[in-house]
Amino acid sequence: MKMLINVPETVVADALRGLAACHPELIVDVDNRVIVRRDAPIEGKVGLVSGGGSGHEPLHGGFVGPGMLDAACPGEVFTSPVPDQMVRAAAAVDSGKGVLFIVKNYTGDVLNFDMAAELAEDEGIQIAKVLVNDDAAVTDSLYTAGRRGTGATLFVEKIAGAAADEGAPLERVESIARRVNELSRSFGVALTACSTPAKGGPTFDLPAGELELGVGIHGEPGRERRAMMTSREIADYAVEVVVEDLRPDSPVLLLVNGMGATPQLELYGFAAEVHRALGERRVAVARTLVGNYVTSLDMAGASITLCQVDEDLLRLWDAPVRTAGLRWGA
């Protein structure tokens, strides 16, 4: 496989050096693997910290900035960051109002963030944690006990980030983040396997002419494999799974997310089919976001995430955000 890298061993460090060069509004500690808002800590504001294995960009480092995260901790590719990174991030963003850890439900992430929370509290930092487990595809997977954390991570970080920017206390920010997760469901489809720099080739075997329904963001197995389907057929399948699980009774946010190698042309065509399928099920869409946001390196495919919203959650979603990977508003 051809990759735009120097050597596999430095791919994460090289990307962090690039992020630092392109975004002077961030402090990027390449050696310690921590990305922090340059204006942190912000007086009177709850700090938001997340992180996970690299390879899902722009998640999480691309979401550090006003309106979202205060810091992110990137691990090696598809590998959890370590507790020291999380403690360092928490200390950098703590204004005295506490820090919320947003954790995707993967065993390594959960264990390391739990350990980091204990260490940070020993240093006098108040910590709250929210687990993201929105994947409707499977209950248990290769790296997970329970549902996997996927596209809803973006909704949680954006909406909780807006609440924190408004000055909400830690208990309120935690409650909002937990509610967003509970109101969200996702489903992903792989058309090709992803390739890690270390391996230099596909991480799993997906024969030509087949797709994986319910794939995870590390290439974990889904519900089933089928012969290649049309965009319309995939949308019907994914929407049916998500709507049946979520059973929304209010308007939803819709994320049509590329897995890394799917072009916008295909994603918008798929978005049209998802809107059609939701309309046929009488699910109203309040806002739609289309693009590559929670990725799996160079995997071709897509996922959909729905989040039920009321007026308050929609207001927080619409609030200004200014990060490397997501920005709108003032």
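Here are my entries, in the order I made them.

**Ground rules.** I noted that this is a predicted model, where local features need pLDDT of at least 70, side-chain atom pairs count only at pLDDT 80 or more, and totals for chains, interfaces and linings use all residues. Residues are numbered from 1 along each chain as its sequence is written, and side-chain values use heavy atoms, with hydrogens and water left out.

**Domains.** I looked up the domain assignment and found domain 1 (10–182) and domain 2 (184–318); such bounds come from an automatic or database domain assignment. The C-alpha centres of domain 1 and domain 2 are 23 Å apart.

**Where the domains meet.** I then asked how many residues of domain 1 are in contact with domain 2. I found 38 residues of domain 1 in contact with 38 residues of domain 2, contact meaning heavy atoms within 4.5 Å. Between them, domain 1 and domain 2 bury about 3,100 Å², with 63% of it on carbon and sulfur atoms. Buried area is the accessible area (1.4 Å probe) that two parts lose on being put together, summed over both. I also counted four salt bridges between domain 1 and domain 2, a salt bridge being a side-chain nitrogen of Lys or Arg within 4 Å of a carboxyl oxygen of Asp or Glu. In a separate look at side chains, I saw Arg 172 and Asp 312 meet in a salt bridge at 3.2 Å, N to O.

On a 1 Å grid over the protein atoms alone, a cavity is a set of points where a 1.4 Å probe fits but cannot get out, while a pocket is an open set with protein on both sides within 12 Å along at least five of seven lines; lining residues have an atom within 4 Å of a point. Grid points are joined across faces, edges and corners, and a volume is the space filled by probe spheres set on the points.

**Largest pocket.** My first stop holds about 730 Å³ of space. The largest pocket is lined by 36 residues, and Val 11, Ala 15, Ser 54, Gly 55 and Glu 57 are the closest to its centre. Which helix gives the most to the lining? I found that α1 does, with six residues; helices (H or I, at least four residues) and strands (E, at least two) are DSSP runs, numbered from the N terminus. Why does the largest pocket lie between the domains? Domain 1 and domain 2 both give residues to its lining, so it lies between them.

**Second largest pocket.** I read a volume of about 350 Å³ here. This pocket has 22 lining residues, with Glu 76, Val 77, Phe 78, Thr 79 and His 218 nearest its centre. The largest share of this lining comes from α3, with three residues. Domain 1 and domain 2 each supply at least three residues to the lining of the second largest pocket.

**Cavity.** I counted one cavity of 30 Å³ or more, and the largest cavity has about 40 Å³ of space. Its lining includes Asp 135, Phe 187 and Met 259. Strand β7 (residues 184–190) gives the largest share of that lining, three residues.

**One last residue.** I finished on Glu 273, which lies in helix α7 (residues 264–280). Leaving aside neighbours within four places in sequence, I found Glu 273 in contact with Ser 231, Arg 232 and Ala 235.
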